[in-house]
Amino acid sequence: VTAEKGGFEHFMLKEIHEQPKAYRDTMRGRIDESGKKVVLPELKLTPEQIKGINKIQIIACGTAYHAGLVGRNAIESLVRIPVETDVASEYRYRSPIVTPDTLVIVVSQSGETADTLAALREAQSHGAHVLAITNVVGSSIARDADDVIVTLAGPEIAVASTKAYTSQLIAFYLLSLYLAEVRGTQAPEEIAQIIAAMQALPEQLDSMLAKPEAIKAYAEQISKHEHLFFIGRGIDYAVAQEGSLKLKEISYIHSEAYAAGELKHGTLALIEEGIPVIALATQEAVLEKTVSNIKEVSARGADIMAITHEEHVAGLLKSVNQVFAIPKTMPLLTPALSVVPLQLLSYYASLARGNDVDKPRNLAKSVTVE
Ligand code: AGP
């Protein structure tokens, strides 16, 4: 069985470590030889159709939905097309406004999630073009979609999704860049720069995976708690939501992710002496504002761990108890790195609590009922 797990104790840890390869595999063949352009030869969507898109809807469940939140940020900032995100189980019941000029993107690791498949069919019935981002080529979602971008993460066995999520991020970055090329919304140099930063991600990830000790120690510390909070702004908030889901799913610690600026509208009442708060503070543009939210929880006695870039460690240490530094990348791409310490945190917290890491209670890998 350990051979199956490549020498790792659990599939989840193996899959976390497979992420650099998953990044490379998902990018392979989708960046042209010059290294300056994204090519998506698999797409049936024509440049004319792309130019005619007036709205994008991203629909998925759970972790795939969280990848969609990052996808929305990438598409809106690079392509300037309005994007809506929906949890698949809600989509059909809100009478969504879908027209043939709407591009619908469904995201699903397994390609078998019942609600996501139903949302896909609903969108198609309104004439929308549906593009699926999935990890399973022959899946129901891959078969029914009008277009497919396959993530090449390889089989994901652990119930908690790790490498599928990060590969979905890579797929979204590639798609956003391609749409930007076709619609001419970004200068070619800007696109080349983002591609170069993406190509550096696997190595940066390797360097993070080589040093799990600090996160492991922190995980053991939080494993003794029953409640904790994640805070962040912008895409840090999207990653916070993923970190919180992962932690709940396998460690059974109750956690909530909050947009940092929203705390004082209610949740701050729950912050008391010693409660762990994990603050994602990677986005320079809102760093000062996030720091002021960190101070709000710190003043109420929270025990804060921040995730940020090396250059902000010293500054943040004035207001938090611990800092975990991630390698420097472009703001848009940080989720592809900042989620990794959170994956490891969940893993080690689950382990410390003696849980069945790969098969958490009450959950199935693929949810084929609505
Ligand atoms: C992830 O850790 C969860 N197990 C879950 O949220 C999952 O992402 C969700 O069920 C969607 O699955 P899919 O990607 O196969 O559609």
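Two strands pair if DSSP finds at least two bridges between them. Helices (H or I, at least four residues) and strands (E, at least two) are DSSP runs, numbered from the N terminus.

The model described here is predicted: local features need pLDDT of at least 70, side-chain atom pairs count only at pLDDT 80 or more, and totals for chains, interfaces and linings use all residues. Residue numbers start from 1 along each chain as its sequence is written.

**Overall form**

The protein has 14 helices and 10 strands. Its C-alpha atoms fill a box of roughly 55 × 45 × 45 Å, taken along the principal axes. The radius of gyration is 20 Å, which agrees with a compact globule, because 370 residues in such a globule would give a value near 21 Å. That radius is taken over C-alpha atoms, and the globule rule is 2.2 Å times the number of residues to the power 0.38.

Ile 231 has Ala 279 in E8 as its bridge partner.

**The sheet with E1 to E5**

Another open sheet has five strands, ordered E2-E1-E3-E4-E5, and its pairing is parallel. E2 and strand E5 (147–150) each have a single partner strand, so one side of each is left without a neighbour in the sheet. Here too the twist averages 20° from one strand to the next. Strand E1 (residues 55–60) and strand E2 (residues 83–87) pair in the parallel sense over five bridges, and Ala 60 stands opposite Val 87 in E2. Strand E4 (residues 129–134) and E5 pair in the parallel sense over four bridges, with Ile 133 opposite Ile 149 in E5.

E1, H4 and E2 make a right-handed β-α-β unit. A crossover is right-handed if, with the strands pointing away from the viewer, the path from the first strand over the helix to the second runs clockwise.

**Helices on the sheets**

Two residues are in contact if their C-beta atoms, placed from the backbone, lie within 7 Å. Axes are lines fitted to C-alpha atoms, for helices over the stretch in contact, and angles run from 0 to 180 degrees between N-to-C directions.

| Helix | Strands | Angle |
|---|---|---|
| H4 (residues 62–79) | E1, E2, E3 (102–108) | about 175° to E2 |
| H6 (residues 114–125) | E1, E3, E4 | about 165° to E3 |

**Around the ligand**

The ligand is surrounded by 15 residues, and the closest are Gly 62, Thr 63, Ser 108, Ser 110 and Thr 113. A residue is near a molecule if its C-beta atom, placed from the backbone, lies within 6 Å of it. Helix H4 gives the most to this shell, with three residues. By class, the shell has five nonpolar, nine polar and one charged residues. Ala, Val, Leu, Ile, Met, Phe, Trp, Tyr, Cys and Pro count as nonpolar, Asp, Glu, Lys and Arg as charged, and the others, Gly among them, as polar.
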